[in-house]
2 protein chains.
Amino acid sequence: MALEIERKFLVRDDRWRALVSRQSRIRQGYLNQAKNCSVRVRSADGHGWLNIKSVTIGARRHEYEYEIPWQDAEEMLDTLCRPPLIEKTRYFVEHQGHLWEIDVFEGDNAGLVVAEIELNHPHEPFVKPPWIGREVTEDPRYYNTCLAQNPYRNWRDQAPAP
Amino acid sequence: MALEIERKFLVRDDRWRALVSRQSRIRQGYLNQAKNCSVRVRSADGHGWLNIKSVTIGARRHEYEYEIPWQDAEEMLDTLCRPPLIEKTRYFVEHQGHLWEIDVFEGDNAGLVVAEIELNHPHEPFVKPPWIGREVTEDPRYYNTCLAQNPYRNWRDQAPAP
């Protein structure tokens, strides 16, 4: 079991695009609707994963992740996960000793761009790049579990600007 | 992905106990309540597994199973799975070329004994041992997912005798 500490931010502009070190096309979906945990299937770059996370609002969550055959992941996404699936490209950007993951969503979540940083403890200091906007760690609408049920298309007109 | 064909029966008496080749103590629980699939965590004999099954009434189901660290399984059972957990001892009995698994339940399902046989195709012939009772493959009450929500304790008085 890993204790995951993530902080999530909106993105102000495209300056990060010049700094991308690698990128990954991701399809993911959820096998459940339980209140206390999520079970996610992900396929990316010919690999598959199952991910189990306790559901708590905020930055600290218990998380388990296991690699599974890519073909199993694709089958589960196509047959067992409730649509809409989350489809996004994840871009990796190094900034002052930390790795940022910038998710550019597609489909029903097109238009949404979110940057995440993973920390070793909740108060670990980090330097916020100039293209980082408002923090949304505590806002459940930006959880991927929620985006799979209530996609950005449905609520972006009500969202405050980054 | 494996296509699982299982048939499930009640057990008439204890004659099978003399024929047990090995046994295994199982704890299992469920991470979800989705209508179309179940996500099961199991620990047994120092090993752990995640199992994902499509939910269809009857004998044919899609199934995925992955081994995970025993400690992860125990943690998930204790913190993420909804009680009551399923606790049972599984006994393995060979009979005329087929392997029978006899589950003797404990806790809220104490008193329930169920025998399963796994087949390669739905109409594969097999010899029913004399201690096998009524078939319950099509009865969803005997699904382990259902036993975790509506345990035998709650309904055994209404169940017909084997």
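B:Asp45 sits in the loop between strand 3 and strand 4 of chain B. Strands here are DSSP runs of E of at least two residues, helices are runs of H or I of at least four, and both are numbered from the N terminus. The residue has a positive phi of about 55°, although B:Asp45 is not a glycine. B:Asp45 is exposed, with 10 other C-beta atoms within 10 Å.

The model is predicted: local features need pLDDT of at least 70, side-chain atom pairs count only at pLDDT 80 or more, and totals for chains, interfaces and linings use all residues. Residues are numbered from 1 along each chain as its sequence is written, while chains are lettered from A and ligands numbered from 1 in the order in which they are written.

Chain A holds three helices and nine strands. From the N terminus on, its elements run β-β-β-β-β-α-β-β-β-β-α-α. Of the 162 residues of chain A, 30% count as buried. Two residues are in contact if their C-beta atoms, placed from the backbone, lie within 7 Å.

The peptide bond from A:Pro83 to A:Pro84 is cis, with omega near 0°. A:Pro84 is found in the loop between helix 1 (70-79) and strand 6 (86-95) of chain A. Chain B also has a cis peptide bond, from B:Pro83 to B:Pro84, with omega near 0°. B:Pro84 lies in the loop between helix 1 and strand 6 (86-95) of chain B. A:Gln96 has a positive phi of about 50°, although A:Gln96 is not a glycine. This residue is found in the loop between strand 6 and strand 7 (98-105) of chain A. With 8 C-beta neighbours inside 10 Å, A:Gln96 counts as exposed.

The UniProt record, an unreviewed entry, places the feature "active site" at A:Tyr30. UniProt positions are given in the numbering used here, feature names are shortened, and annotations may be inferred rather than shown by experiment. A:Tyr30 is found in strand 2 (residues 20-30) of chain A. The residue is buried, with 23 other C-beta atoms within 10 Å. Leaving out residues up to four places away in sequence, A:Tyr30 touches A:Ser38, A:Val39, A:Arg40, A:Cys81, A:Arg82, A:Thr145 and A:Ala148.

The two chains meet at an interface. In it, 18 residues of chain B are in contact with 18 residues of chain A. On the chain B side, the elements that give two or more residues are strand 3 (37-44), strand 4 (47-54), strand 5 (60-68) and helix 1 (70-79). By class, this side has 12 nonpolar, four polar and two charged residues. Ala, Val, Leu, Ile, Met, Phe, Trp, Tyr, Cys and Pro count as nonpolar, Asp, Glu, Lys and Arg as charged, and the others, Gly among them, as polar. Of the interface residues of chain B, 100% are also interface residues in chain A, so the copies meet through the same surface.

Chain B can be laid on chain A with an RMSD of 0.0 Å by a turn of 180° and a shift of 0.0 Å along the axis. The two copies are thus related as by a two-fold rotation axis. In chain B, the C-alpha nearest the axis belongs to B:Asn32, 2.6 Å from it. The superposition is by least squares on the C-alpha atoms of residues with pLDDT of at least 70 in both copies.

Notes. A residue is buried if 20 or more other C-beta atoms lie within 10 Å of its own, exposed if 12 or fewer, and partly exposed in between; C-beta atoms are placed from the backbone.
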